[in-house]
Amino acid sequence: MESESFYGVTLSEKEAIAQFEVPDVPEEYIVHSHKLIIKQISLGPEAKTGEFNVVQAETNINDDGEKKTVKIPIAVLKVGETRSLRPNVEFPNGSVTFKLVQGTGPVYVCGKVEMNFGEFDDGQIYEEYSDEEEDSELEFDEEAAPQTNGKSNKKK
């Protein structure tokens with residue numbers, strides 16, 4: 001089963017940090033994949049002229065089995081130059097922290113959360129299908145002549 005939902009936060013001088021956490025899923029379901037996709041980052045109409053507003057994303061990645069934290073700017077906005085970006089950035093690893101590292105904002109970050117979950121994990125599904133294949137053996141009639149276009153090739 002797939003689920004999509006809207007994600008949006010406002011970053012400003014007063015609230016410069018926003019945390020995204022993977023939503024809770026009922027215990028009977030297993031999350032196969034999830035990701036946050038940032039579709040648009042915009043400056044609010046109250047943003048100060050001439051001021052750069054820099055949005056940074058911080059997330060954890062696995063690098064050769066070692067967990068590392070990555071901090072990278074994903075938007076640099078300025079009134080009169082760039083008021084809006086469509087970055088289409090995906091975060092498949094779980095939690096992400098957005099921070100307004102420069103400027104006073106407001107900066108609006110919006111996108112969507114996609115989750116793919118079900119009642120079985122991938123291993124259980126694979127085992128089910130492989131068991132079914134072993135149980136059902138196909139029987140062929142070796143004497144039957146092959147057919148072409150729905151007609152028998154046997155001569156009468």
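Predicted model: local features only at pLDDT ≥ 70, side-chain atom pairs only at ≥ 80, totals over all residues.

## Aromatic pairs

The structure holds 3 aromatic pairs. In one of them, tyrosine 7 and phenylalanine 98 lie 6.2 Å apart, centre to centre, with 40 degrees between their planes, and the pair is tilted. This pair links distant parts of the chain, since tyrosine 7 belongs to strand S1 (residues 2–11) and phenylalanine 98 to strand S8 (residues 96–102), 91 residues apart. Tyrosine 7 has a relative accessibility of 9% and therefore counts as buried, and phenylalanine 98, at 0%, counts as buried too.

Phenylalanine 98 also pairs with phenylalanine 91: the ring centres are 5.9 Å apart and the planes stand at 85 degrees, so this pair is edge-to-face, because an angle over 60 degrees counts as such. Both phenylalanine 91 and phenylalanine 98 are buried.

## One cluster

Taken together, Tyr7, Phe20, Phe91 and Phe98 form one aromatic cluster. Of these residues, Phe20 lies in strand S2 (residues 17–20), which is described next.

Strands S2 and S8 run antiparallel and are joined by 4 bridges. Within this pairing, alanine 18 stands opposite phenylalanine 98 in S8, and phenylalanine 98 is also a member of the aromatic cluster.

Notes. Residues numbered from 1 in each chain as written. Heavy atoms only, no water. Phe/Tyr/Trp six-rings, centres within 6.5 Å; stacked < 30°, edge-to-face > 60°. Helix = DSSP H or I, 4+ residues; strand = E, 2+ residues; numbered from the N terminus. Buried < 20%, exposed > 50% of the residue type's maximum accessible area, 1.4 Å probe, protein only. Pairing = 2+ DSSP bridges.
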